[in-house]
Protein chains: 2
Amino acid sequence: MTRPTLTTHAIILAGGRGTRFWPRSRTRTPKQLLNIVGKTTMLQQTVARLRPIFPAGHIWSVTNTEQAAALRKQLPLAARRRVLTEPVGRNTAAAIALAAIHVRHAARGDALLAVLPADHYIARPELYREMVRAALQVALEPERMVVLGILPTRPDTGFGYVERMGEPLQVNGHPVYAVRRFTEKPQLEIARQYVASGNYQWNAGMFFWRVSTFLVALKKFLPTTHDALEALSSHIGKRSYDAALKRTYGKLENISVDYAVLERATREEGASRVFVIPAEIGWSDIGSWAAVYELVARQPGENILASDGHTVDATGNFLWSPDKFVAAIGVHNLVVVETPDALLICPRDRAQDVSKIVKALEEKKLKHLL
Amino acid sequence: MTRPTLTTHAIILAGGRGTRFWPRSRTRTPKQLLNIVGKTTMLQQTVARLRPIFPAGHIWSVTNTEQAAALRKQLPLAARRRVLTEPVGRNTAAAIALAAIHVRHAARGDALLAVLPADHYIARPELYREMVRAALQVALEPERMVVLGILPTRPDTGFGYVERMGEPLQVNGHPVYAVRRFTEKPQLEIARQYVASGNYQWNAGMFFWRVSTFLVALKKFLPTTHDALEALSSHIGKRSYDAALKRTYGKLENISVDYAVLERATREEGASRVFVIPAEIGWSDIGSWAAVYELVARQPGENILASDGHTVDATGNFLWSPDKFVAAIGVHNLVVVETPDALLICPRDRAQDVSKIVKALEEKKLKHLL
């Protein structure tokens with residue numbers, strides 16, 4: 001393999017509108033813009049993690065109009081000019097394509113891309129950067145698409161899985177496998193078999209490829225999106241851009257890059273096209289308040305308080321009420337989250353049902369709480 | 001019996017510093033000054049209940065220096081001038097005696113007194129007033145001390161019990177019994193026997209007697225208190241009063257009127273001295289957040305919310321967070337109480353342990369939370 005000679009750019013997909021961190025997460029301040037774990041926000045942690053590899057001016061964010069202002073405030077100065085706004089949500093294939101044409105314009109030609117989620121937790125950032133560097137190196141070769149795969153720790157049915165095959169290449173001492181297959185959220189029994197086999201990784205949405213490689217694949221698999229964005233490309237840096245974007249974006253295919261590009265390329269174009277690098281980087285997508293508790297608690301049954309407080313016969317509680325003294329008596333494994341206008345109480349093992357509250361608020365048209 | 005000819009005065013004992021309604025109740029704003037049940041405060045409800053019988057200028061309150069300002073604000077204008085402040089707490093015998101000498105001064109002689117707690121709930125105020133009128137009529141007779149007794153609904157070990165005896169007098173159609181004995185908080189087995197016998201009422205701290213009757217009893221049973229307050233009496237209405245009160249009050253016996261006067265009078269002076277009138281007035285001392293839930297819930301398992309909210313698979317919860325939208329998922333029989341600086345979470349059946357939190361705050365010297 002050759003050493004990278006192209007410039008490298010990170011694309012942070014930051015348009016998520018997750019509902020599982022209500023009442024803290026809202027339409028304008030979703031999970032990625034909150035300090036869910038630690039003192040800085042998920043986005044700030046994502047950016048800080050990438051800065052040793054990417055200069056701030058090479059860190060791009062794709063988000064929606066509601067979040068753009070709050071998001072910019074959290075970015076380094078040079079990265080604020082790299083925020084791309086989608087007029088409407090069109091899923092990850094379109095978002096990455098939009099970023100790709102912007103990077104190509106800024107780089108005045110081809111470039112190497114790392115596509116990364118804004119709201120994931122990574123316990124081992126040093127190792128993570130090593131894996132990103134390895135992935136970029138593999139992706140430098142034209143035609144290749146690379147995925148970081150998380151070693152599964154449980155038969156989770158909420159993730160997509162990546163099956164690897166054959167003998168690995170070695171890149172910087174890390175094994176790199178050809179991908180046999182992408183599979184979407186499996187049934188529990190299937191997920192158990194995947195974990196047991198040792199040949200599967202979770203697809204955590206971390207992708208690496210050249211701009212040119214991605215756009216060629218896009219032309220093949222999503223020609224409408226490809227052609228529309230190529231047309232938009234000529235407006236970048238001009239006054240006509242905003243209007244052209246608005247005209248264009250709603251027409252793009254609303255589909256994930258996993259389905260539209262990675263699965264199809266793997267299935268239709270065979271080996272030596274898509275690669276997976278297993279990464280033991282202490283990853284979590286932090287899917288609920290329960291996941292936050294598990295990340296933060298240093299021992300089973302510990303009470304996690306965001307403030308001063310006192311507990312009596314209480315264990316395993318996550319009590320987020322940062323400006324108040326919290327007193328808990330005789331309660332166990334609860335999640336309590338307080339904000340200036342809302343209060344949530346639920347058992348940790350019901351934390352995924354917080355989305356039901358958000359749905360009820362939508363039905364009641366209580367927009368100020370969304 | 002003769003009709004009342006003396007003026008009647010109510011003495012509201014409002015110096016309680018209960019800890020069981022933390023975090024709402026604080027040193028300066030204890031239970032009686034809060035809207036625990038309904039829109040007005042316990043004190044305001046107590047006063048409103050009494051107004052059809054007592055003019056506002058005949059409603060006296062005894063409290064401590066911390067609460068006096070907040071208490072005055074809740075009283076009718078004429079009653080604000082009737083607030084008596086204890087420099088230090090000296091329990092109910094001294095508080096009633098202090099009020100007695102003030103009433104005697106205001107009435108320029110003897111008067112009829114109703115001594116009543118500030119922080120109890122009464123579901124049937126009309127019947128309550130009938131009982132108060134009957135009790136005042138019985139107490140008009142010199143030497144007599146009268147108690148309203150609550151028909152016990154459970155073998156509660158937290159109350160004192162009053163045993164009645166013999167055949168009742170009838171006053172305004174209500175039976176009035178001589179008291180055989182006062183007994184303090186009994187063991188559970190004893191309490192069960194009391195309830196089963198039908199001869200016992202709870203002592204709810206509602207007493208009726210002439211000023212003269214009370215002071216004579218006081219002279220016999222608590223001569224130090226009696227003599228000190230008689231001496232203080234000459235300072236009432238003078239500039240020297242505050243200094244004299246401060247000099248005097250700390251020296252008074254620190255004892256309840258139940259122990260010091262009622263029990264001893266019953267034991268030592270026999271029948272025709274102390275009377276009890278059974279009163280089915282829907283009384284509750286509202287001893288904890290759990291008691292509030294039981295008063296307010298119209299059916300078992302109902303969720304009580306102080307604000308707008310949404311519940312999913314949640315039953316029997318008391319959720320007090322008046323300015324926030326409250327969401328509860330999968331929790332049962334919890335008490336959650338939120339104030340600007342504190343948040344309490346406990347099961348309803350642990351509500352009495354809230355005092356443990358207050359104790360911990362005292363130990364931690366977190367005075368701003370007390």
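**View 1. Helix α12 (354–363) of chain B lies across strands from both chains.** Angles here run from 0 to 180 degrees between N-to-C directions, with axes fitted to C-alpha atoms, for helices over the stretch in contact. Helices (H or I, at least four residues) and strands (E, at least two) are DSSP runs, numbered from the N terminus. This is a predicted model: local features need pLDDT of at least 70, side-chain atom pairs count only at pLDDT 80 or more, and totals for chains, interfaces and linings use all residues. Residues are numbered from 1 along each chain as its sequence is written, while chains are lettered from A and ligands numbered from 1 in the order in which they are written.

**View 2. An open sheet of 6 strands has mixed pairing.** The order goes β13(A)-β15(A)-β17(B)-β16(B)-β14(B)-β12(B). At the edges sit β13 (309–312) of chain A and β12 (304–305) of chain B, each pairing on one side only. Strands count as paired if DSSP finds at least two bridges between them.

**View 3. β12(B) pairs with β14 (318–320) of chain B in the parallel sense.** The pair has 2 bridges, with L305(B) partnering L319(B).

**View 4. β17 (342–347) of chain A and β15(B) also pair in the parallel sense.** Here there are 4 bridges, and L344(A) has A327(B) as its bridge partner.

**View 5. In chain B, 27 residues are in contact with 27 residues of chain A.** Contact takes C-beta atoms, placed from the backbone, within 7 Å. The largest share of chain B's side, 6 residues, comes from β17(B).

Note on methods
Contact = placed C-beta atoms within 7 Å.
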